[in-house]
Every structure is written in C-alpha cells, then in structure tokens.
Amino acid sequence: QVQLVESGGGLVQPGGSLTLSCAASRSIFGLPMAWYRQAPGKSREWVATITGLNTTTSANSVKGRFTIARDSAKNTIFLQMNTLKPEDTAVYYCYFPAYGSWGQGTQVTVSS
C-alpha cells in the first residue's frame, strides 16, 4: 500500500498558473505516475502521465499548457499548470499505477 498526498490547489483567475504536488510514501523511482481530474458532474479524466524514463504525455485539452514532472529523490511528482481556463476547474488526483493507489485530491478553481 502507498499513500499519496496532493497539495497546491486553490483559486486562480483565468490565465493564471498553479503548481500541484503529489508526495508518495514509497519510492517512485523508475515507475510511471499520472494526474487525473474530475469536474463537477463529470467522470474522472486522465490529464498527464510521466513514465519511469521521464517520457511525458498529456491530454489534448491541456497540451502545451500543463507539464508533468517528477523528483524521484523526493518521491514527488508535479503538475505545472499555466494559462488556466475556467474549464480546468476540477478536483485533481494523483495516481500511482504500480499500486493502484489514488490521492485524496486537491481542488483547483479557475474563476474571476
């Protein structure tokens, strides 16, 4: 079992930026990690993945605006979110596929 703790969410104006963090209780070295999000009334959707070799992929809706990164020495991944839009409003979840574990989520609200 592994615990994942997200942080960094909050309220931001359209066009603004936020950086989310996800700290794992076990080593993430060499293992893929991902971010998902769930907007009110919608299903959870994939946002971005980083492989154990640091290859990244992201959903078309966030491509060019969001960047996933990792610091394996700190067992932490990040989601740098730029040029935020109201439609990015959601609870953002960290996911560790090797353990099938989810974080508790962190709320991101984009509103003026």
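At what relative accessibility does tryptophan 102 stand, and does it count as buried or partly exposed?

Reply: Tryptophan 102 has a relative accessibility of 35% and therefore counts as partly exposed, where buried means under 20% relative accessible area, exposed means over 50%, and partly exposed lies in between, for a 1.4 Å probe and protein chains only. The model is a predicted one, in which local features need pLDDT of at least 70 and side-chain atom pairs count only at pLDDT 80 or more, while totals for chains, interfaces and linings use all residues. Residues are numbered from 1 along each chain as its sequence is written, and side-chain values use heavy atoms, with hydrogens and water left out.

The ring of tryptophan 102 belongs to a cluster in which ring pairs link Tyr36, Tyr93, Tyr95 and Trp102. Rings of Phe, Tyr and Trp (its six-membered ring) pair if their centres lie within 6.5 Å, and planes under 30 degrees apart count as stacked, over 60 as edge-to-face and the rest as tilted. By this rule there are five aromatic pairs. In one of them, the ring centres of tyrosine 93 and tryptophan 102 are 6.4 Å apart and the planes stand at 90 degrees, so this pair is edge-to-face.

From here we can turn to the salt bridges, of which the structure holds three; each is a side-chain nitrogen of Lys or Arg within 4 Å of a carboxyl oxygen of Asp or Glu. Arginine 37 and glutamate 45 form one of them, at 2.6 Å from N to O; arginine 37 is buried, with a relative accessible area of 6%, whereas glutamate 45, at 35%, counts as partly exposed. Arginine 37 also meets aspartate 88, at 3.0 Å from N to O, and this pair links distant parts of the chain, because aspartate 88 lies in the loop between strand 8 and strand 9 (90-96) and arginine 37 in strand 4 (residues 33-38), 51 residues apart. Strands (E, at least two residues) and helices (H or I, at least four) are DSSP runs, numbered from the N terminus.

Aspartate 88 forms another salt bridge with arginine 65, at 2.7 Å from N to O, and here the partner lies in the loop between strand 6 (56-58) and strand 7, 23 residues apart from aspartate 88. Both aspartate 88 and arginine 65 are buried, and salt bridges that share partners join Arg37, Glu45, Arg65 and Asp88 into one network.

Six bridges join strand 8 (residues 76-81) to strand 3, with serine 21 opposite phenylalanine 78 and cysteine 22 opposite isoleucine 77. Strand 3 (residues 18-24) is mostly covered, five of its seven residues being buried.

Methods
Pairing = 2+ DSSP bridges.
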